[in-house]
Number of protein chains: 2
Amino acid sequence: MSVPGDLVGQRSETVRRSNLSAIVRELHVRGPLSRSDLVGLTGLTRSAIRGLIGELVAGGLVTEVPNQPAGTPGRPSPIVQPNARGAVAIALEVNVDSLAAALVGFGGTVHQLARVDRPRGHLSVEAIVDDLVELVRPMLRDVDHDALVGVGVAVAGIVRRSDGLVRMAPNLGWRDVPLAERLREALPVVAPVWVANEADLGGLAEHRRGAAIGVDQVLYVMGEVGVGGNMLVDGRPLIGVDGYAGEIGHMPVNPDGQACACGSRGCWETEIGERALLVRAGLAPDGGREAIGQVIAAANAADPRARAAVDEVGRWLGIGIASLVNILNPQLVVVGGVLERLYPLVSRTVDEAVSVYALPPAREHLRLVPGALGEDAPTLGAAELAFEPLLADAALQLRLRSPAVLVSA
Amino acid sequence: MSVPGDLVGQRSETVRRSNLSAIVRELHVRGPLSRSDLVGLTGLTRSAIRGLIGELVAGGLVTEVPNQPAGTPGRPSPIVQPNARGAVAIALEVNVDSLAAALVGFGGTVHQLARVDRPRGHLSVEAIVDDLVELVRPMLRDVDHDALVGVGVAVAGIVRRSDGLVRMAPNLGWRDVPLAERLREALPVVAPVWVANEADLGGLAEHRRGAAIGVDQVLYVMGEVGVGGNMLVDGRPLIGVDGYAGEIGHMPVNPDGQACACGSRGCWETEIGERALLVRAGLAPDGGREAIGQVIAAANAADPRARAAVDEVGRWLGIGIASLVNILNPQLVVVGGVLERLYPLVSRTVDEAVSVYALPPAREHLRLVPGALGEDAPTLGAAELAFEPLLADAALQLRLRSPAVLVSA
DNA sequence: AAACGTTTGAGAAAGAGGAACACAAATCTT
DNA sequence: AAGATTTGTGTTCCTCTTTCTCAAACGTTT
């Protein structure tokens, strides 16, 4: 039901906003489209599309360029291009092993992207915020500050969406860190800061730009040191009341299993997390990226211990996915993070476990694929998060540039 | 992203439809409201509301009655009442132990409801369809057929939403039964037939009329012979690609556990289903309602074996709920079905297990409550399912009654 | 009891937005 | 070169909501 204050009535103004936003969303997600494509996608008339595009051109969000003759009869329809400088988002990522920053333009253009390793362990929030600011600073030189729509941040932890408070991040050693606030203070820009879990954003990125384009019921499973995930329901992320949804790494799959960093035991993470793989392979649990590479290489070389470790992870991966498939009935499962690299080795084992533990109807048309974006998925998702308000109401961004309205407001 | 053919553009016509539907939905869900309440809820003006209400009155969906003076200054705003005969839905339920039928009016009025026991075991579809038709037939005498919006059916099985095909119903002995089609042929009415899983509909009913009114992120867990559930995301049911979502009874919580009717092993259902409780209490697994009553009575009388059985079910109930809470981050968990009766006995045990296995942030503001609708929840939800097209587009129903449009069409 | 402020309904006019239509432009086909 | 096809342009029309004014119905105050 409707939240108080969430008015449901529609009027002319909301119609225009909604249509404007629909066009902006299509252009951001699908890339350049002809006006005539937009007529087809929206169901609006040529006249209406013309007016709306005109507004977007005036606002600097899109550019119209003549189209090449298509070889078919009829007058060519001009191409409407998202202007990658017309709106830009800053994307940040706080991972266990690295920090990343990116500048992403409207339409998905990655203007800049930088990643630096960071020592695994418990750094102070201040240190990390400083490092992020230094990563971003050089990128800001060629940004029109009026075009900055916001800052998105991906964190390896449990984040309260409403205010960007990091509630728990065992692998960073954080508890109740007001990351959004700290970044808002420290960044040399004036823009809203949105923080979310890295797996939630990885899933969003794979949906928009990666392995799940065009699929609207997607389960994203991301395994790194921690295991997280995200479900896209009708194309919208399932975030729960506070934004804590998708903590699939902590579903108890083995109630008498090993202790987990979260304080519980038998969590899925203790079976398929990076540490579990390394321990099973006989290595130190904190070997990180390099050690994982060794295990994968050894398994490829048919080393029995590595092979067994990988298979066991694959089996538990399948069991957990089966559980989620029964609960959520997705059309597609995307496996990301470190598991993305591991996946080709274990796809058969995973399939077997899924076919044992998932209900036949739910796995009938199910597809499982590795992610397509690699380690940058959460960062790209952070940019998408920052773009979301623009896509939901493009008029807000246009107003910023319209002096007439600024004066009257 | 948008499905092909799912046009996103808004125009005057869609605005009116949307506003009309918003009013219809508020009235159906909240009950009688004054015009002035509707102004507040929708954000539309008095004039707009007047016009829309006028259309609904002309269509027979609502009635306006004078309001009593409220004790506050100002002219009293007339009350707009949903007309319980202006639109009616037929609700059916196929349960393991019983069949039910109901006639429900717009606004939620239950005009009639009948339930008959049925022998547990594998009856033919034909027999069940015949029984349902005989249950419904006397109810149809006082129904205006133009007011019939549809037929909703709750089934203890996995149902493909698009065409109402019952894919699997182990406890009924059904596989790939085209129930919607059969009912459409057999029922003496012309109306769309919608079939869904009983737990999905139980959750919908608890949200509209029961223990979850006003809460938009709800996990509903229903335990009978089978265990099912449903998540409401932003007030909308999570059904998955095909409608198979919510099969939480078949999440593997104990991968080396007992064999399940679904063909897998260690499913949650094997730990908290009706049979599990009875076997643990030392009774025959198929004792049904009566045997469950015995166990509950014995546990209340401090019988050690019954007490232990109940506690063990409670513990596993908590473990499974914790898993789902970590995955879905609901605001409220509603426990229904047989577990609704059991819940008062085990609430403490459940809470303990949840606090061990659920992440602290996710259980921080979590509430767990038993359902409020008893065994009729799925039937009432079936009615809500049948009303859904009306709530999504009220104009469709109004057209049916408008001769002018019928002629021109 | 009458006057006044408040809230709401009624009706007409205005405003906003997209649809419909006619025409022109650009392309391919014959 | 003429015709068919597709699309942009510009004007008019239609639908729907808002705005504005006035009246009705209520409580409160004097």
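## Two helices side by side in chain A

Let's start with a pair of helices in chain A. Helix α9 (residues 288–300) and helix α11 (residues 338–357) of chain A have axes that come within 10 Å and cross at roughly 5°. Angles under 35 degrees count as roughly parallel, so α9(A) and α11(A) are roughly parallel to each other. Keep in mind that this is a predicted model.

Which residues make the contact? On the α9(A) side they are I292(A), I296(A) and A299(A), and on the α11(A) side they are V338(A), R341(A), L342(A) and L345(A). Sorted by class, this contact has 6 nonpolar residues, 1 charged residue and no polar ones.

Now hop over to chain B. Here the axes of α9(B), residues 288–300, and α11(B) come within 10 Å and cross at roughly 5°. That angle makes α9(B) roughly parallel to α11(B).

The residues that meet are I292(B), I296(B) and A299(B) from α9(B), with V338(B), R341(B), L342(B) and L345(B) from α11(B). The class count for this contact is 6 nonpolar, no polar and 1 charged. As a rule, two packed helices are described by the angle between their axes and the distance between the axes.

## Chain A as a whole

Time to zoom out. Chain A has 15 helices and 16 strands.

What share of the 409 residues in chain A is buried? Buried residues make up 52% of them. Then there is the question of how contacts reach along the sequence: of the contacts in chain A between residues at least 6 apart in sequence, 64% join residues at least 24 apart.

First up is V333(A), which sits in strand β15 (residues 332–337) of chain A. Is V333(A) buried or exposed? A residue counts as buried if 20 or more other C-beta atoms lie within 10 Å of its own, and V333(A) is buried because it has 22 of them. Leaving out residues up to four places away in sequence, V333(A) touches L219(A), V221(A), I321(A), L366(A) and L368(A). The C-alpha atoms of V333(A) and V218(A) are separated by 5.9 Å, although these residues are 115 residues apart along the chain.

Next comes I272(A), found in helix α7 (residues 269–272) of chain A. I272(A) is buried because 29 other C-beta atoms lie within 10 Å. Leaving out residues up to four places away in sequence, I272(A) touches G223(A), V227(A), V313(A), W316(A), L317(A) and G320(A). Being apart in sequence can also go with being apart in space: I272(A) and Q331(A) are 59 residues apart in sequence and 23 Å apart from C-alpha to C-alpha.

## Where the chains touch

How many residues of chain B are in contact with chain A? There are 54 of them, and they touch 53 residues of chain A. On the chain B side, the elements giving two or more residues are α1 (12–30), α2 (35–42), β9 (165–169), α10 (304–328), α11 (338–357) and α12 (360–363).

The biggest giver on that side is α10(B), with 6 residues. By class, the side of chain B that touches chain A divides into 32 nonpolar, 18 polar and 4 charged residues.

## Around the DNA strands

Which residues come nearest to DNA strand D? Of the 31 residues around DNA strand D, the nearest are R35(A), G74(A), R75(A), S77(A) and A48(B). At least two residues each come from α2 (35–42) and α3 (46–58) of chain A, and from α1 and α3 (46–58) of chain B. The largest share of that surface, 5 residues, belongs to α1(B). The classes there are 8 nonpolar, 15 polar and 8 charged.

DNA strand C has 30 residues around it, and the closest are P69(A), R35(B), G74(B), R75(B) and S77(B). Two or more residues come from each of α1 (12–30) and α3 of chain A, and α2 and α3 of chain B. For DNA strand C, α1(A) supplies the largest share of the surface, 5 residues. The class count near DNA strand C is 8 nonpolar, 14 polar and 8 charged.

Methods. Residues are numbered from 1 along each chain as its sequence is written. Chains are lettered from A and ligands numbered from 1 in the order in which they are written. This is a predicted model: local features need pLDDT of at least 70, side-chain atom pairs count only at pLDDT 80 or more; totals for chains, interfaces and linings use all residues. Two residues are in contact if their C-beta atoms, placed from the backbone, lie within 7 Å. Helices (H or I, at least four residues) and strands (E, at least two) are DSSP runs, numbered from the N terminus. Ala, Val, Leu, Ile, Met, Phe, Trp, Tyr, Cys and Pro count as nonpolar, Asp, Glu, Lys and Arg as charged, and the others, Gly among them, as polar. A residue is near a molecule or strand if its C-beta atom, placed from the backbone, lies within 6 Å of it. A residue is buried if 20 or more other C-beta atoms lie within 10 Å of its own, exposed if 12 or fewer, and partly exposed in between; C-beta atoms are placed from the backbone. Axes are lines fitted to C-alpha atoms, for helices over the stretch in contact, and angles run from 0 to 180 degrees between N-to-C directions. Angles under 35 degrees count as roughly parallel, over 145 as roughly antiparallel, 65 to 115 as roughly perpendicular and the rest as oblique.
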